[in-house]
Amino acid sequence: MLTNLLYTLLAIVLLGIIIIIHELGHFIVGRLCGIGVEEFSVGFGPKLFGWTRKGIDYSIRALPLGGFCKFEGEDEDNPSPTAMNSQPVWKRFLTVFAGPAMNFVLAFAAAMAVLMLFGTADLSTVIGEVVADAPAAEAGLLAGDRIVSANGAEITDDYAGVEALRSIIQSGEALSLSYERGGQLLSATLSPAVAADEETGESRYQIGVSFSYAFRRYTLFQAIPGAAQYIWDFTRSMLDFLRNLIFKGQGANDVAGAVGTVAVISQGLQVNKSLFLDYLFLISLNLGIMNLLPLPALDGGRLVFLIVEGIRRKPVPPEKEGMVHAIGLMVFFLLAIVLTWHDIVTFILK
């Protein structure tokens with residue numbers, strides 16, 4: 001029981017770090033742009049405790065569902081020169097965008113740390129299995145052979161190299177391969193055959209091999225592009241998930257709220273503490289992506305209003321924009337209640 005409580009607290013701390021980093025992005029850039037800050041809060045709902053420093057109220061609130069940085073004159077007409085509504089569009093745009101941007105920065109740093117400290121299993125051009133009677137088997141290829149070139153093009157020993165090789169195979173043309181076996185460089189010529197893909201069932205050109213994975217720990221300079229690739233791949237997957245959820249209703253049962261997120265993190269950390277950085281990456285990037293969606297009450301919704309203002313050269317009346325965001329906030333609170341009940345049923349009452 002005590003162990004579960006400790007890991008639950010650790011999961012809440014992780015969420016708190018991500019939220020603080022997000023709000024710090026707004027806070028720091030806003031201050032640099034000369035915008036006054038009234039309150040900086042971690043969490044929503046009733047205030048648990050707080051303090052005031054240099055005219056800014058800092059608070060910790062009861063519901064760890066997010067946080068906010070309340071700027072002077074944010075949703076109201078305020079004549080103060082430090083009010084947000086008095087600043088040029090570009091300053092307000094940077095201030096709003098800075099929150100999600102900081103989540104992307106945190107996710108990038110977490111991905112780099114994972115790659116350098118723990119490494120990852122990368123897809124390799126080393127053949128793991130050869131299908132009997134397939135073109136590769138007939139050409140003499142064996143498990144353990146590493147393909148180094150195809151039709152004169154160098155094939156790198158990584159995911160990109162495997163994808164490049166598959167692209168060449170899909171041309172259906174005769175294939176001239178160079179491969180390494182026991183330190184010797186050998187060659188083979190074969191013709192891809194049409195066969196049904198095991199995963200999709202679609203017919204495509206194949207040579208009848210599967211590729212193995214190799215453990216790899218990254219250096220600093222290798223981790224930079226590696227982390228960028230991680231972010232790109234996850235962002236594509238996240239957007240695909242959202243598209244299928246909205247237009248097809250797929251994956252609704254996989255959506256979790258704060259309670260479910262804490263439960264999943266707690267359970268995962270009990271199995272493997274090193275997953276802390278993986279969760280930091282996934283949730284921070286998830287928060288950055290979600291906040292950029294053009295929906296009321298989210299940073300993306302505020303950016304839409306600023307873009308409209310920049311095009312029209314005339315701001316939307318603050319009271320109208322504030323009303324739109326207030327309605328959006330109520331909708332998100334209702335959604336949070338629904339998700340919380342779903343989480344309780346799924347993770348606690350099951």
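Tutor: Start with helix α8, which has 14 residues. From its first C-alpha to its last, α8 reaches 20 Å, close to the 20 Å expected at 1.5 Å a residue. The expected span is 1.5 Å times one less than the number of residues in the helix. Helices (H or I, at least four residues) and strands (E, at least two) are DSSP runs, numbered from the N terminus.

This is a predicted model: local features need pLDDT of at least 70, side-chain atom pairs count only at pLDDT 80 or more, and totals for chains, interfaces and linings use all residues. Residues are numbered from 1 along each chain as its sequence is written, and side-chain values use heavy atoms, with hydrogens and water left out.

Which residues of α8 are buried? They are D299, G300, G301, R302, L303, F305, L306 and E309. Buried means under 20% relative accessible area, exposed over 50%, and partly exposed in between (1.4 Å probe, protein chains only). Ala, Val, Leu, Ile, Met, Phe, Trp, Tyr, Cys and Pro count as nonpolar, Asp, Glu, Lys and Arg as charged, and the others, Gly among them, as polar.

Take E309. E309 lies in α8, which runs over residues 299-312. Its relative accessibility is 10%, so E309 counts as buried. Beyond its neighbours within four places in sequence, E309 is in contact with V89, R92, K314 and P315. Contact means heavy atoms within 4.5 Å.

The axes of α2 and α8 lie 10 Å apart, at an angle of about 160°. That makes α2 roughly antiparallel to α8. Axes are lines fitted to C-alpha atoms, for helices over the stretch in contact, and angles run from 0 to 180 degrees between N-to-C directions. Angles under 35 degrees count as roughly parallel, over 145 as roughly antiparallel, 65 to 115 as roughly perpendicular and the rest as oblique.

The α2 contact with α8 holds eight nonpolar, no polar and four charged residues.

Now the backbone at the two ends of α8. Just after α8, R313 takes a positive phi of about 60°. In the loop between α7 and α8 sits A297. A297 is not a glycine, yet its phi is positive, about 80°. With a relative accessible area of 23%, A297 is partly exposed.

Helix α5 covers residues 220-248, 29 residues in total. At 1.5 Å a residue α5 should span 42 Å, and its end C-alpha atoms are 41 Å apart, which agrees. A223, G226, A227, I231, F234, T235, M238 and L242 are the buried residues of α5. They pack against α2 (89-117) and α7 (275-291).

α2 and α5 pack at an angle of about 125°, and their axes are 8 Å apart. They are therefore oblique to each other. From α2, the contact takes F104, A107, F108, A111, M112, L115 and M116. From α5, it takes L220, A223, I224, G226, A227, A228, Y230 and I231. By class, this contact of α2 with α5 has 14 nonpolar, one polar and no charged residues.

Finally, the strands. K54 lies in the loop between β1 (37-53) and β2 (56-71). K54 has a positive phi of about 50° although it is not a glycine. Its relative accessibility is 68%, so K54 counts as exposed.

T52 belongs to strand β1 and, at 55% relative accessibility, counts as exposed. T52 and S176 are 124 residues apart along the chain, and their C-alpha atoms are separated by 71 Å.

D57 is found in strand β2. At 30% relative accessible area, D57 is partly exposed. Setting aside neighbours within four places in sequence, D57 is in contact with E38, E39, F40, W51 and T52. How far is D57 from K314, C-alpha to C-alpha? The two are 31 Å apart in space and 257 residues apart in sequence. K314 brings us back to E309, with which it is in contact.
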